[in-house]
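Hi everyone, thanks for coming. Let me put the model up on the screen, and then we'll walk through a few parts of it together.

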Amino acid sequence: MDPNKPPGLPGVTGMPWLQQLGRGRGFQPEVPAVDLPTPGQGATLVSMFRGIGIDPLKTSWGRGAPPVGREAGDLGEQLKHQVSPVGVISSPGRRPEEVMGSSEPFHKAGTKGTPVTVGSNHIPICCKNEAVYQYHVTFSPNVELMAMRFGMMKDHRSTTGEVVAFDGSILYLPVKLKDVVSLKSVRRTDNQEVEITVQMTKILPPNSDLCLPFYNVVLRRVMKILGLKLVGQNHYDPDSAIILGKHRLQVWPGYATCIKRTDGGLYLSVDVTHKVLRNDSVLDVMKVLYEQSKESFQDECTKELIGSIVITRYNNRTYRIDDIEWSKSPKDTFTMFDGSETSFVDYYSKNYGIEIKEMDQPLLIHRPKERSKPGGKIITGQVLLVPELSFMTGIPEKMRKDFRAMKDLTMHINVSAEQHTHSIKQLLKNIASNAETLTELNRWGLDISTDLLVTHGRILPQETICLQSSSYVTSSDVSWSREVVRDACISCIPMNIWAVFYPRRCADQVEELVSTFLKVARPMGLRLEGPNRVELRDDRTETYVKTIHSQLSREPNMQLVVCIMTGNRDDLYTAIKKLCCIKSPIPSQAINVRTISQPQKLRSVAQKILLQINSKLGGERWTVNVPLKHLMVVGVDVHHDTSKKSRSVMGFVASVNSSLTRWYSRVTLQTPNEEMISGFKLCLSAALQKYYEVNHNLPEKIVVYRDGVSDGQLKMVELYEIPQLLTCFQTFPSYEPKLVFIVVQKRISTTLYSCSAERFGTPPPGTILDHSLTHSDWMDFYLMAHQIRQGCGLPTHYVCVCVCVYNTANLSPDHLQRLTYKMCHLYWNWPGTIRVPAPCKYAHKVAYLCGQYLHAEPAIQLSDTLYFL
């Protein structure tokens, strides 16, 4: 194939990126529809949606679903894991099997704390149908073509009814047929008579997990009836867009919805979401870049645009820009589905009535992720987009640094609990008042309540913060910023030999900063001598690096390097961190001169910097009382540097003393997009050895907090990551510690509200919910540990993976919940609680530093300190 010629459609010529062209959807870089496997349970639900008029690549899968569609891997394999049958599928000839529920749920409810009434963004759903009936369909002689199977079954709607879900082999109906039904049809290709046997195999409860996928298909139809537009996985209302003309932005309000089953039954989860769109097309951005840098125009475009997400408004689809095709333009032609040739200009004019004005613009390339067809065939391809018709999404980088602009935007995005619930109630009202949506729901017997879930939760007891010689109970806002600057830290590292590097124009600010350091250090228990002041002749990156390296060579006992920087310079920051974390390992502190340029705030800034430096040197700031003895707490997270396609980085941080004030960190590098950690064993072995050095014994209990795992990956964690830990223990003679493995999930759609006199607000820190919205297969709970100052209450979901196997420490729900809340108090960069346990946050910080700036493992000499804060 000529490399300069645009590829064609499958079945014609070229690669399959233009499959949808002949279907009125634009030359989208869509991967072609996955070939469906031969009939059988292995294909469960893959083609069912085609049978009811829905593309399975775009189906919402409900709770905990792995990504589907453009973000999916092997669709068939994912569906096998996601939609696992309840019970064993009966083979034809056996009596129907009645499946009316799952195994007995875990005891997961705690008792500690103060009872409180809480609400959530979940709406109860009542199933009016008594059951959903599953049938096995066989064709004799066999019919291989799926489309022909769907057509034959559609011809018999008078028998099956209009409401069906069929995947080519398994049929689901809300009505009961005879145990065995025989139908006849004719294969149109050769007029062969085909006998169709429909035999009942299972009677499912209407809230079965097998029913959730087509319930969510029904929900998607309901949202479409209401006039909402599907963008990605969520629905938006462009007609209610908020226009921010001054910033050339518009905000589309919308909803993220799904139907899911929890311990409390069947619920509709509704989250209020917003899509930020820019009025600038990609072509507009290109023109601005051309005016700014004509000589390096293509390089600047690549740097600015690669990795950005754009939306094509003619079909409301979003794409990631992976490359720019400078050799092509809208005047180029491509092959249509019927084999005819047409140009991009003519295609858009004919199908969308859009006239492309700029004929010499290049085309954008989107490459969907590779996927496997059944049989192992890899599907690849690419999509070409016209810059003039592709609009930027998200917040511009320049705007992110503009405080006033961000304040204007967040006012519309970070809605309060009252606004959040009002939007949800408005959606429920629209559904209840629309006859067409009610008819659609009634087809499967679904009745959505008009009220949000209101239930009982608890507020965990307040914790006591312990310093060197004082302790105090946290206030209602869980903040102790005043106490930490007036009382001494648990332990302080004297700063005897340290240096400050700064350009000449920052000399005055440096003198003020050092003077303030000396004034505020003593009340916090810190001791420091005056620094070596090193004035730089200029602020070039090379000057910083050479001067720091020279100073470290002359003074081998240097404890700390402090660098004063002008402006936000990633290149300079990266160079300093690479030098101080890899080549010449030493704790370092980078300070933007703007931060220390306001005299009225300098004292507060100096206090925070000194406390952070003390932590980097190995000092201990505060702790909380943890009754569990011989305990190690581990935090793990992964950072993906997607913009640079670098390797993924696993951050590992573990406590190595009984008071949880000393931490050991390690980093391992992984292949791109690898979430399942492979270096777990190495990191834990090193941490256990360090624990033994400090305590002269090994921990009896190990609690692992694993961040960044979705519901769809929990099984992989159980099968792949946890066994690494168990084999690690075998390397130590006669060592069998008790293990708890807890997955930490921040990106969830669950929102909690406080309820008072029928009004919804933000719940206080320490609010916990361990029933109703939890899952029957897990020991899980929702905890909101942090103070909410803007927006509504977003809790964190904690899942104890395979509690029956890996909670060998036999910790009760109260133990797990209170330990988790205590851990949220121990992040030394913030004198208050944070949303996740401190070890997770530390693991994130070290993984981010290495993945974003170092791109290599830091020196092992720094592992004993929190150098990455």
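Two strands count as paired here if DSSP finds at least two bridges between them. Helices (H or I, at least four residues) and strands (E, at least two) are DSSP runs, numbered from the N terminus. Now two sentences on where this comes from. This is a predicted model, where local features need pLDDT of at least 70, side-chain atom pairs count only at pLDDT 80 or more, and totals for chains, interfaces and linings use all residues. Residues are numbered from 1 along each chain as its sequence is written, and side-chain values use heavy atoms, with hydrogens and water left out.

Let's begin with β28, residues 498–503, which runs parallel to β30, residues 560–565, and is joined to β30 by 4 bridges. If you look at Phe501, its bridge partner in β30 is Cys563. Zooming out, these strands belong to an open sheet of 4 strands with parallel pairing, in the order β29-β28-β30-β31. For angles, axes are lines fitted to C-alpha atoms, for helices over the stretch in contact, and the angles run from 0 to 180 degrees between N-to-C directions. Contact, by the way, means heavy atoms within 4.5 Å. Helix α14, residues 507–520, packs on this sheet and touches β28, β29, β30 and β31, its direction making about 155° with that of β28.

Next, please find helix α16, residues 570–583. Its 14 residues reach 18 Å from first C-alpha to last, close to the 20 Å expected at 1.5 Å a residue (the expected span is 1.5 Å times one less than the number of residues). Which residues of α16 are buried? Taking buried as under 20% relative accessible area, exposed as over 50% and partly exposed in between, with a 1.4 Å probe and protein chains only, the buried ones include Leu572, Ile576, Leu579 and Cys580. Their cover includes α15 (541–554), β30, β31, α17 (599–617) and α22 (838–854).

On to a helix pair. Helix α11 (417–432) and helix α12 (435–442) pack at about 85°, with axes 6 Å apart. That makes α11 roughly perpendicular to α12, since 65 to 115 degrees counts as roughly perpendicular, under 35 as roughly parallel, over 145 as roughly antiparallel and the rest as oblique. Asn430, Ile431 and Ala432 of α11 meet Thr437, Leu438 and Leu441 of α12. Also in α11 is Thr421, which counts as buried at 4% relative accessibility. Leaving out residues up to four places away in sequence, Thr421 touches Leu452, Tyr753 and Phe760.

Last stop: an open sheet of 12 strands with mixed pairing, ordered β35-β34-β33-β36-β37-β42-β41-β40-β25-β2-β38-β39. β35 (663–670) and β39 (759–761) are the edge strands, each pairing on one side only. Inside this sheet, β33 (631–639) pairs with β36 in the parallel sense over 6 bridges, and Val633 stands opposite Val703 in β36. Helix α19 (714–729) packs on the sheet, touching β36, β37 (738–745) and β42 (796–800), with its direction at about 145° to that of β37.

One more residue in β36 (701–707): Arg706. Is Arg706 buried or exposed? With a relative accessible area of 0%, Arg706 is buried. Its side chain makes a polar contact with the side chain of Glu721 at 2.9 Å. A polar contact is a pair of N or O atoms within 3.5 Å; within protein, one must be able to donate a hydrogen and the other to accept it, and residues adjacent in sequence count only if both atoms are side-chain atoms.
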